[in-house]
Amino acid sequence: MTATPSDLFREANDRLTRLTADAEAGALDPAIELMVAALDAGGVIHAFGTGHSEAFAMEISGRAGGLIPTNKFALRDLVMHGDREVDVLTSALEREPWLVDELMATVPVGEGDVFMIASNSGVNGSIVGAALWAKERGHSVIAVTSMEHTMRVEPKHPSGKRLADVADVVIDNLAPYGDTTLEVSGGIGAGAISSITAAFIAQLLTLGVARTIADRGETPPMYISANIPGGDEHNSVLEDRYRGRIRRGA
């Protein structure tokens, strides 16, 4: 294959077009309904991902054009808000199921909150463990994962479950097995796609929640850019409503 920028564009455009069609057909509505229900109940939306899937959580929580009652948590919270030393933060940590109770002890979880968990493979111990933790405590879980990839690899959690097995709603990010979409030489792949599709899914979900609330004649609790006049003031007023429930860090 030539693996040109145009080839990658076609791969990305094809998947974004399919996601758009699915969203317009209502495929994301079950996830949007869970998110709206959580906000209506005074809850917040917790977002989690490890490795490159943390980018999904960043798209959901704490950004301009995003929902204010959102909270991103990450493996480094074991150090930042827990008792672990920084040397625990290795690339293998995401595979470990033992960390879940420690990690979740650092998260300001409240009744009625919903969890959004992204993982391309959907099999690592921390990811599946967090989903199980949430479900066992009565929280709804929305998963964003590659169904093609996750069904071709073995779960790493002792339960033998995948993220897709645990979640109430599963959204396929349409990434292929191995994530890369183009072959550059001798079976070597490039053109990873899951971050692109996951970011688009995050924005589709955010838009869906905002539209649902606006269609009821209410103003959705959205961030505006802190880098425009009045941005900080607008955001601070709304953040105060969720003080102690959402965490914003550097």
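**The core and the sheet**

Modeller: Let's start at Phe-56, which, leaving aside neighbours within four places in sequence, is in contact with Met-116, Ala-118, Val-144, Ala-198, Ile-201 and Ala-202. Contact here means heavy atoms within 4.5 Å. Before we go on: this is a predicted model, so local features need pLDDT of at least 70 and side-chain atom pairs count only at pLDDT 80 or more, while totals for chains, interfaces and linings use all residues. Residues are numbered from 1 along each chain as its sequence is written, and side-chain values use heavy atoms, with hydrogens and water left out.

Phe-56 belongs to the largest nonpolar core, which has 31 residues; Phe-56, Ile-171 and Leu-205 touch the most other members. Such a core is a set of buried Ala, Val, Leu, Ile, Met, Phe, Trp, Tyr and Cys residues joined through side-chain atoms within 4.5 Å. Buried means under 20% relative accessible area, exposed means over 50%, and partly exposed is in between (1.4 Å probe, protein chains only). At least two core residues each come from helix H2 (29-40), S1, helix H3 (54-60), S3, strand S4 (140-145), S5 and helix H9 (194-215). Those labels are DSSP runs numbered from the N terminus: helices are H or I with at least four residues, strands are E with at least two. H9 gives the largest share of this core, 8 residues. Apart from it there's another core of 25 residues, including Leu-75, Met-104, Ile-127 and Val-166.

Now for the sheet. It is open and has 5 strands in the order S2-S1-S3-S4-S5, with parallel pairing. Two strands pair if DSSP finds at least two bridges between them. S2 (70-73) and S5 (169-172) stand at the edges with a single partner strand each, so one side of each has no neighbour in the sheet. On average, neighbouring strands here are turned by 20° against each other, direction ignored.

Zoom in on S3 (residues 114-118), which is joined by 5 bridges to S1 (residues 45-49), running parallel. In this pairing, His-46 stands opposite Phe-115. S3 also has 5 bridges to S4, again parallel, and there Phe-115 stands opposite Val-141. S4 itself is mostly covered, with 5 of its 6 residues buried.

Next, the rings. The whole structure holds 3 aromatic pairs, where rings of Phe, Tyr and Trp (its six-membered ring) pair if their centres lie within 6.5 Å; planes under 30 degrees apart count as stacked, over 60 as edge-to-face and the rest as tilted. Phe-48 and Phe-73 make a stacked pair, 4.6 Å centre to centre with 5° between the planes. Phe-48 sits in S1 and Phe-73 in S2, so the pair ties together parts 25 residues apart in sequence. Phe-48 is buried at 0% relative accessibility, and Phe-73 is buried too, with a relative accessible area of 0%. Ring pairs link Phe-48, Phe-73, Phe-115 and Trp-133 into a cluster.

One last stop in S2 is Thr-70, which is buried with a relative accessible area of 0%. Not counting residues up to four places away in sequence, Thr-70 touches Ile-45, Ile-60, Ser-61, Gly-62, Ile-246 and Arg-248.

Terms used: Axes are lines fitted to C-alpha atoms, for helices over the stretch in contact, and angles run from 0 to 180 degrees between N-to-C directions.
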